[in-house]
Amino acid sequence: MIAASLAAGAPPVPAARLGEFLGTSRLRSCHIHDSAPVSLAGWADAGTGTNPIFAIGTVRTVFDGWIANRPELRRELALSADAGDSEIYSHAVQAWGDRADAHVDGHYAAIWASPSGLRLARSPLAAPPLHWKRNANRIVAASLLRCLELVDGAPLGRIDLELQRAVLAGDLRHAERGWYPDTGRMPLGRAIWIGAVDDSPRDLWRYRFSPDPATRGASLADAVSRTSHLLDAAVAGATCGNERIAISLSGGLDSSLVAEAAMRVRPQSHVSAYCYAPEGDAPQPIPGDWPRNWVLDETGAARDFARFHGDRLTLQPVRSDGADFRTGMDDLLAISRCAPREIGFMFQLADACAMAAANGCTAMLGGDEGNSTISTSGSWAYRHWFLRLRWRRMWRELRLRAHEERPIWRQFGALVLRQLLPRRTDRHTFERYLANLGLPRDTADRLHWGTRPQTDLPVTGSARAHGPREIAALLENGDDGGRGDALKAVECRHGIPYRDPTVTRALAEYCLALAPDIFLHNGVNRRLAREMAKGKMPEAQRLGVRHGLTGADWLARTARNRSSVLGEITRMQSDPDIASIIDLAAIKRRVESLPETARGDVDDLTFTTAGLPAAIAAGRMIARAKGRNDL
């Protein structure tokens, strides 16, 4: 976590005060610096010797996150082998100026502070958050929104309701819009300059997705070798300086590949793995109307992976017995001062981080974005081959599809012809999606439905497979919808950052330039990840086609606490601001009618794992931002 203050005709906020507002929990130490007119504060892992603040002359950099291409940058900048990330970034800005962030790969937020202004930057694809606010005399930029209260010495005021509505709906077109009036958010993949006396920020650099076209001709062996090297570099960057690593482990490919890489790049380290699981120890039956390849409890596969690696890795299930999505929510909202959609379903990650912290771990790794990079399924390949007149290849792959019950002509219609239609979402499907999120019907018009591309909305029922171009557009988008804020709140609460090495810039650009044959061949999808996994996990896991469902028992958890959830919704109905953006009456009816046990209803699943938790979190934050404490 980082913060900086720059004064213009007034004293800067004292660094100790910045550090106090950033405040974090165990395993962290605060570093501060004061020199007129600039003050800086940053929290770092205790005991590692890492200082997030580095000075070159009158300029100081405060850095949060990690760098994936650390060795290359040390060589290019002629730095010592022990140069930390804040030092590397400082020298990168000195050497390359506005385009420094085009050379630095990783997940980071950085503030480059000089007497004349602040340079703010966030890495592309994923990064810690960075917010800013200014008045006539002072600028504050920080990881946490609550630090911005130091600009005027007063609470931030009311949440921007239109931004909150857009975030709940998954509308990612507001990357620079702050959560509160007169505040700003830093987009992903951007660097800006805020001058001490200027009225508005100035763009310095903006990320553009630029994979190497020559990569398309890579063989499978070359792709496996290069991707493995890039993943190792990302894992090494994400774990540098941390003595004990935790892994958020599923029974699939991505997080297991991250875990194996962590054990290999840190051969002397032990890894603690945490796998989300339903409550209780009894086997979880799959409802008869659910897809056959869904899995409600992945701990079996995760245990097999742990046994495969012997005493190098220990596994602990995260069952969160007795909890529901509201557990710990108030703590996270008090830290973040905003309600991104993901903060509503952070309770199991927060539990895993609490368990890892108690076990002495200092960082949690995961593989959330692997489906966009190393383990892309290749489902777009069918239309790719059709358009290039490789019809025999396309037909053969359709016939070899695993667990496919449809006749081949229906597969062709769904996987080829339908994919070639313009990507539009009919209004009925869009409104169904909004209803599952607890949003009123007029949200479609407020978001200008029908006049905008739909690629940035994860609409339920949309069957189009994302190809490299579409995945790239989503990754290049500068708005993470506040995901960074949700993860930062968990980090601040438990002292452990969550890091995903599967989506660095170099890794994403390489994977998304590969030919579709690398990902889909002879009926085997996710081929690249499966080849990378040879000898690294049990064969049943490497070749498995089952789909884990982390939120399988959320419906039962919610139904068990139905009366208290309904009571909270009833109290929210008295607040006109909450009622203006959330359809509380419809949510109440949905909660009242929820079954006691899970069924194969995707709408129920979306509502209980995404819509309801996000709506409750948003309602609480809207109320508390304006001083209400009864919600």
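Which residues point one way from β9, and which the other way? Arg-138, Val-140 and Ala-142 point one way. Ile-139 and Ala-141 point the other way. All of these residues are buried. This is a predicted model.

## Strand β9

In a regular strand the side chains alternate between the two faces of the sheet. Strand β9 covers residues 138–142. In β9, 5 of the 5 residues are buried, so the strand is largely enclosed by the rest of the structure. Buried here means under 20% relative accessible area.

## The open sheet

Strand β9 belongs to an open sheet of 6 strands. The order is β2-β3-β1-β9-β8-β10, and the pairing is antiparallel. Two strands form the edges: β2 (28–35) and β10 (183–185). Each edge strand pairs on one side only. Direction ignored, neighbouring strands are turned by 15° against each other on average.

## Strand pairs

Start with β1, residues 2–7, and β3, residues 38–45. These two pair in the antiparallel sense over 5 bridges. Ala-3 stands opposite Ala-41 in β3. Strand β1 also pairs with β9, again antiparallel and over 5 bridges. There, Ala-7 stands opposite Arg-138 of β9.

Now take β8, residues 131–134. Strands β8 and β9 run antiparallel and are joined by 4 bridges. Trp-132 has Ala-141 of β9 as its bridge partner. Together β8 and β9 form a hairpin, with 3 residues between them.

## A helix pair

Two packed helices are described by the angle between their axes and the distance between the axes. Helix α22 covers residues 562–572, and helix α24 covers residues 584–593. They pack at an angle of about 170°. Their axes are 10 Å apart. Because angles over 145 degrees count as roughly antiparallel, α22 is roughly antiparallel to α24.

Which residues make this contact? From α22 come Arg-562, Val-565, Leu-566, Ile-569, Thr-570 and Met-572. From α24 come Leu-584, Ile-587, Lys-588, Val-591, Glu-592 and Ser-593. By class, the contact has 7 nonpolar, 2 polar and 3 charged residues.

Key: Residues are numbered from 1 along each chain as its sequence is written. This is a predicted model: local features need pLDDT of at least 70, side-chain atom pairs count only at pLDDT 80 or more; totals for chains, interfaces and linings use all residues. Side-chain values use heavy atoms; hydrogens and water are left out. Axes are lines fitted to C-alpha atoms, for helices over the stretch in contact, and angles run from 0 to 180 degrees between N-to-C directions. Angles under 35 degrees count as roughly parallel, over 145 as roughly antiparallel, 65 to 115 as roughly perpendicular and the rest as oblique. Contact means heavy atoms within 4.5 Å. Ala, Val, Leu, Ile, Met, Phe, Trp, Tyr, Cys and Pro count as nonpolar, Asp, Glu, Lys and Arg as charged, and the others, Gly among them, as polar. Two strands pair if DSSP finds at least two bridges between them. Buried means under 20% relative accessible area, exposed over 50%, partly exposed in between (1.4 Å probe, protein chains only).
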